Amino acid sequence: MVAMDVEQHELMGLLIAVAREDRAAFQRLYEKVSGRMFGLCLKLASQRDLAEEAVQDAFVQIWHNAGEYHNERGAPLSWMLTIARYRTLDLMRVRKAKQTSGDSHLEHMEDGREGPLDVSLRSAGAAELTGCLEELSEPQRDSILLSYYRGFSHDELSEALSSPVGTVKSWIRRGLMALKRCLER
Amino acid sequence: MKKTPERIEALAAEYVLGSLRGHARQRFERWMMESVRVRQEVWFWEEKLGHLGSRIEEEAPPASVWSGIEQRLWPQNRGAKPATAANDGAGRWLWPGWSLVATAATLVLAVVLLQQPAPRDDQRLSGAIVQAEMTDPLWLVSESARERQLKLRPVAATAAEQGKDYELWIVPENGQPVSLGVMPVGETYQVTLDDKTRALLSSSRTLAISLEPVGGSPTGAPTGPILHVARLYEL
């Protein structure tokens with residue numbers, strides 16, 4: 001994956017420039033990353049205005065915190081996407097706390113386009129984690145991917161997968177540990 | 001709860017995945033601040049699960065997102081109004097709401113995570129009080145266990161409006177905030193912490209600044225709007 005390395009190298013250079021408060025580099029970084037970031041936030045939140053707010057907040061944070069990036073935190077792109085993901089999850093929690101109890105998050109998201117987890121994401125995830133996801137049982141894998149891509153809580157997973165909360169929790173816990181053992185091999 | 005390797009491993013994975021919620025999530029964030037081992041475990045998962053994010057279909061955000069970022073970082077008229085927040089009609093603080101409102105309104109936390117754990121006898125906390133629209137922090141905060149001093153150095157902070165003062169508070173994990181006095185603007189503000197206040201700060205690591213009548217809150221609890229909330233990090 002030489003192309004990937006070249007890109008990460010370029011992103012790293014841009015981050016270093018941003019840490020020195022180079023605004024032109026910041027704009028370039030935005031141009032390179034914002035499409036993927038917005039796609040991720042939108043997938044997670046299924047609400048455009050929330051995804052837009054999350055991307056905005058994430059880039060403000062990236063501007064302030066670029067100097068704190070270091071390579072133990074993963075590739076530059078993952079680091080930036082992680083910031084956006086946490087921000088999206090925070091905003092989703094704030095909104096859910098404000099929602100009335102009758103307003104189900106699941107109803108809101110199921111717009112007929114696709115099920116909770118579409119096929120393309122399932123296979124993409126498997127490829128990126130070097131095949132380790134394939135070693136998990138199907139419910140383990142689905143509950144992990146639904147948490148990651150859709151920000152589902154245990155309760156929402158329980159509803160989406162028609163299984164008790166305790167079962168869902170153990171799928172996630174065991175699935176993650178099995179994933180780690182595989183990734184460390 | 002003890003930080004056993006098994007717990008760290010399991011909780012870090014769920015933290016990054018997002019399925020760790022509520023108090024458990026907050027407690028784990030404290031673990032992250034306390035231990036480089038915990039942070040490394042989180043970074044492992046951020047790196048691994050981060051790959052999942054790179055395969056998502058791209059979608060360009062609307063142009064308003066970039067203009068919003070520019071507006072927040074480099075507004076044309078800098079030093080404009082501070083955001084007011086979290087003050088209900090009766091003038092009482094809404095504690096459960098402070099963090100959310102302050103985060104949404106004004107705050108970008110400057111996270112300082114260093115790789116080496118500090119020796120316990122000279123634990124240092126550090127952070128910055130920042131406002132999203134401004135490039136420079138308002139105050140830089142440092143605290144040293146050895147000197148028992150909390151210092152706030154003004155960088156871009158401006159004086160409170162006429163007839164008002166800024167008051168500094170420790171926000172404990174539970175219960176009412178504890179006043180650290182009225183802060184003059186334009187000079188470094190130093191407070192010597194006694195054992196009790198130091199313990200409170202050390203566990204919650206959260207400071208707040210409210211706008212009060214001259215001379216500080218008349219009631220001993222914050223009465224004005226909360227302008228800023230900042231978390232400190234261990235160096």
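Let's start with chain A: 9 helices, 0 strands. From the N terminus, the order reads α-α-α-α-α-α-α-α-α.

A word on the source. This is a predicted model: local features need pLDDT of at least 70, side-chain atom pairs count only at pLDDT 80 or more, and totals for chains, interfaces and linings use all residues. Residues are numbered from 1 along each chain as its sequence is written, while chains are lettered from A and ligands numbered from 1 in the order in which they are written.

Chain A has 185 residues, and 43% of them count as buried. Buried means 20 or more other C-beta atoms within 10 Å of the residue's own, with C-beta atoms placed from the backbone. Now contacts, meaning C-beta atoms, placed from the backbone, within 7 Å. Take those in chain A between residues at least 6 apart in sequence: 64% join residues at least 24 apart.

Next, the interface. How many residues of chain A are in contact with chain B? The count is 46, against 40 residues of chain B. Helices of chain A that give two or more residues to that side include H2 (23-45), H4 (76-98) and H9 (165-184).

Over to chain B. Strands S1 (residues 124-129) and S2 (residues 139-144) run antiparallel, joined by 6 bridges. Pairing takes at least two DSSP bridges. B:Gly127 has B:Val141 in S2(B) as its bridge partner. S1(B) also runs antiparallel to S9 (residues 233-234) of chain B, with 2 bridges. There, B:Leu125 stands opposite B:Glu234.

Note on methods. Two residues are in contact if their C-beta atoms, placed from the backbone, lie within 7 Å. Helices (H or I, at least four residues) and strands (E, at least two) are DSSP runs, numbered from the N terminus. A residue is buried if 20 or more other C-beta atoms lie within 10 Å of its own, exposed if 12 or fewer, and partly exposed in between; C-beta atoms are placed from the backbone.
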